[in-house]
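I opened a new notebook page for this one. My plan is to go from the whole chain down to single side-chain pairs.

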Amino acid sequence: MSRPMLASVLLALALAVALLISFLYFLPPGMWSSLWDQTVMGLPFLLFVFAVSLCMGIAVGLMLDSFFRQQWQAVVQALRHIEQGEMGELHREEPPPELQELWRQIVKLQAQWRAQTKRVQKLAAEKAEQEERLVERILSEERTRLARELHDSVSQQLFAASMMMSAVMETMPPDDERHRKQLKMVEQMIHQSQLEMRALLLHLRPVHLKGKSLQEGMTELLTELAGKVPLEMKWNIEDVPLDKGVEDHLFRILQESLSNTLRHAKAKSLEVLLIERDGFAILRVTDDGVGFDVERSKSGSYGLQHMYERAAEIGGMLKIVSLKGQGTRLEVKVPLLHRGDDRD
């Protein structure tokens, strides 16, 4: 039996005893027997009083027990929500005066839990950002170091091997056609290795422009590349006003595109455009190489997928058109947001 019900039953029995004592006090002793002889609903009056008191006590006890059970269940449910980390408002009816202070403490506890959770999440986010910046810095330094070492060692050795092969080809007898063909194949392999190395060095270059504008960074990159690769290169790069993040992404897309051209296209000419037209910044890279199947390569090429993702991250759209034997054209269109567009 719960405490509210037990208290109600005991209180009802106490009232019945008090009522019986009052009857005995006010009735003459000769009439006390009438309390037993008089019947109500077939029960002696004395038993009837006790039965009615007991029933009333049980009924009141049940109501109090149900009421307090609901209140305590609401309290337990609220504490369970806090324990499980649910940050929503606590749904409850107006508590009785006895429980109002308890509910105030529960609401205060939830507010403290919510504030603590926000602080912990903020600290976790700041820590993740710091770690990400640290990793990016370490990766950038390592990429720069690898690019420098590869340029100073492997790239120079390949260049020396290419020069030696050219000298050997010039000193060979004209009638030694078989060895000449073999050496020509070796020379082509060295030439392809040089292109692969230059493509790798493009990948390893720092992603950021290091204080340069996109126009300056692209011009410097293309000028440097034109002096190292046997491609006819043309470019038209306008000074397009862009945010720093957009410039970095477009510069990286250009690096990836040039790397793919050097490694796979077998192109003889390359054209790069950066222009502003109709509210868009347009980056276009065109070559006359062997071409490829865009749909098939898109699903299996990490580089292509990465370029599509970079274009999407700056709100742009990347389109690649390639035909077998007719070359490839890559175009990125990024909408220009002027200062008046973001007043809201």
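**Whole chain first**

I looked up contacts: of those in the protein chain with a separation of 6 or more, 67% are between residues 24 or more positions apart. I'm keeping in mind that this is a predicted model. I get 9 helices and 7 strands in the protein chain. Of its 344 residues, 31% are buried. The accessible surface comes to about 22700 Å², with 59% of that on carbon and sulfur atoms.

**Salt bridges**

How many salt bridges does the structure hold? I find 3.

Glu331 and Arg284 meet through their side chains at 2.8 Å, N to O. This pair links distant parts of the chain, with Glu331 in strand 7 and Arg284 in strand 5, 47 residues apart. Glu331 is buried at 15% relative accessible area, while Arg284 is partly exposed at 22%.

Next I checked Glu238 and Arg277, whose closest N and O atoms are 3.4 Å apart. Glu238 sits in the loop between strand 3 and helix 7 and Arg277 in strand 4, so the pair ties together parts 39 residues apart in sequence. Glu238 is partly exposed at 25%, and Arg277 is too, at 40%.

Lys212 and Glu220 make a salt bridge at 3.8 Å, N to O. I have Lys212 as partly exposed at 29% and Glu220 as partly exposed at 37%.

**Rings and a patch**

I searched the whole structure for aromatic pairs and got 0. I did find the charged end of Lys333 over the ring of Phe280, 4.7 Å from its centre.

Last entry: Val60, Met63 and Leu64 make a nonpolar surface patch of about 260 Å². Leu64 belongs to helix 3, residues 45-83, and is partly exposed at 34%.

Notes
Residues are numbered from 1 along each chain as its sequence is written. This is a predicted model: local features need pLDDT of at least 70, side-chain atom pairs count only at pLDDT 80 or more; totals for chains, interfaces and linings use all residues. Side-chain values use heavy atoms; hydrogens and water are left out. Rings of Phe, Tyr and Trp (its six-membered ring) pair if their centres lie within 6.5 Å; planes under 30 degrees apart count as stacked, over 60 as edge-to-face and the rest as tilted. A charge sits over a ring if NZ of Lys or CZ of Arg is within 6 Å of the ring centre and within 35 degrees of the ring normal. Patches are made of residues with over 30% relative accessible area and no salt bridge: like charges are joined within 9 Å, nonpolar side chains (Val, Leu, Ile, Met, Phe, Trp, Tyr) within 5 Å. Accessible areas come from the Shrake-Rupley method with a 1.4 Å probe; for residues, only the protein chains shown count as cover. A salt bridge is a side-chain nitrogen of Lys or Arg within 4 Å of a carboxyl oxygen of Asp or Glu. Helices (H or I, at least four residues) and strands (E, at least two) are DSSP runs, numbered from the N terminus. Buried means under 20% relative accessible area, exposed over 50%, partly exposed in between (1.4 Å probe, protein chains only). Contact means heavy atoms within 4.5 Å.
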